[in-house]
Amino acid sequence: MTLEVDHSPRVETPLLQFVEVAKTFADGTRALAGVTFAVPRAQFCVLLGPSGSGKSTLLRCVNGLVEPDRGTVRFDGLRLERRSLPSIRRRVAMVHQHFNLVERLPVGTNILTGALARVPAWRAYLHWFPRELRDKACALALRVGLEPHHLRRRVSELSGGQQQRVGIARAFLCDPDLLLADEPVASLDPATARDILELLREAARERATTVLCSLHQPELAHRFADRVLGLRSGRIVFDGPPERLDEAALARIYGDGLAAARLELAA
Ligand SMILES: Nc1ncnc2c1ncn2[C@@H]1O[C@H](COP(=O)(O)OP(=O)(O)O)[C@@H](O)[C@H]1O
Ligand SMILES: [Mg+2]
């Protein structure tokens with residue numbers, strides 16, 4: 001008997017796929033005007049666009065916080081809808097601009113809240129997390145550049161940059177396939193912003209985690225992205241590698257705000 005070997009090239013399913021996704025809010029504001037793109041696994045994809053261009057709305061369509069009124073979102077081939085949302089959410093983590101940590105709780109507990117979807121509520125309420133999760137939280141804290149003595153400190157005692165390190169450790173606790181980051185460095189000074197994006201990119205690379213990260217600074221997109229999606233008025237107006245983010249591309253993304261964007265790129 002001979003075995004038939006299939007030599008046809010396999011097209012890998014993209015981890016995330018948007019097809020003609022549109023969203024108009026109840027007050028008539030159109031945030032997304034038909035957005036189509038696909039993100040392959042392990043890519044660091046940056047959404048670049050001015051304020052109000054639809055970046056947060058797009059990210060929120062992935063974890064079900066915004067329901068599109070047209071189009072399809074697929075995660076690993078699975079159509080995102082009410083029934084599939086819980087299983088998709090378990091594979092997606094989020095990093096926020098304002099960190100979204102529980103300030104009165106210690107750093108270690110904040111990192112452990114990344115497992116809330118997986119630990120029974122009563123155990124989480126008693127701060128009783130399994131040993132292996134606690135060990136993993138400690139290892140992640142060290143990986144993101146925190147020190148052992150930070151683990152017992154309240155989050156409110158840390159600097160902004162350190163708080164975002166906690167946010168990143170929390171996001172990686174359950175080994176997400178996709179990490180969404182909504183302007184994760186917008187509240188940080190430029191040097192800290194670069195450190196944090198470097199950390200996010202390296203941590204994602206080590207785990208082959210796909211990242212969809214919104215930024216409004218072209219300079220940072222240029223430096224850290226594998227690929228840039230430029231968004232303006234809810235439409236994708238640029239899709240390419242950061243090297244192609246030239247004057248013409250910036251003009252398409254920023255329009256009248258181009259002068260400010262150009263200054264930032266030159267800085
Ligand atoms: N819940 C909402 N209700 C009404 N309008 C909204 C809501 N969320 C966002 N918008 C509007 O949708 C547009 C896109 O917003 P957003 O996605 O937050 O953009 P970005 O993150 O790029 O700043 C903006 O005009 C914003 O004011
Ligand atoms: Mg936003």
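Modeller: Before the questions, one term: a helix is a DSSP run of H or I with at least four residues, and helices are numbered from the N terminus. Also keep in mind that this is a predicted model.

Colleague: How many helices and strands does the protein chain have, and what percentage of its residues count as buried?

Modeller: The secondary structure comes to 10 helices and 10 strands. The protein chain has 267 residues. Of these, the share that counts as buried is 38%.

Colleague: Which helix gives the largest share of the shell around ligand 1?

Modeller: The residues around ligand 1 include Phe-25, Asp-27, Thr-29 and Ala-31, and also Lys-55, Ser-56 and Thr-57. By class, the shell has two nonpolar, eight polar and two charged residues. Its largest share is three residues, and they come from residues 55-62, helix α1.

Colleague: How many bridges join β1 to β4, and how many does β1 have with β2?

Modeller: Strand β1 covers residues 16-24 and strand β4 residues 70-75, and the two run antiparallel. Across this pairing, Ala-22 stands opposite Arg-70 and Val-19 opposite Thr-72. With β2, which is also antiparallel to β1, Phe-18 stands opposite Phe-37. The counts are five bridges for β1 with β4 and seven for β1 with β2.

Colleague: Which residue takes a positive phi in the hairpin of β1 and β2?

Modeller: This hairpin has five residues between its strands. The positive phi there is near 95°, and the residue that takes it is Gly-28.

Colleague: Why are the buried residues of α9 on the same side of the helix?

Modeller: Helix α9 spans residues 247-254, and Leu-250, Ile-253 and Tyr-254 are buried in it. They lie on the same side of α9 because the arc they cover around the axis is only 80°.

Colleague: What percentage of the contacts between residues at least 6 apart in sequence join residues at least 24 apart?

Modeller: Two residues are in contact here if their C-beta atoms lie within 7 Å. Among such contacts in the protein chain, between residues at least 6 apart, the share joining residues at least 24 apart is 70%.

Notes: Residues numbered from 1 in each chain as written. Chains lettered and ligands numbered in written order. Predicted model: local features only at pLDDT ≥ 70, side-chain atom pairs only at ≥ 80, totals over all residues. Buried ≥ 20, exposed ≤ 12 C-beta atoms within 10 Å, placed from the backbone. Arc of directions from axis to C-beta. Pairing = 2+ DSSP bridges. Near = placed C-beta within 6 Å. Nonpolar A, V, L, I, M, F, W, Y, C, P; charged D, E, K, R; others polar.
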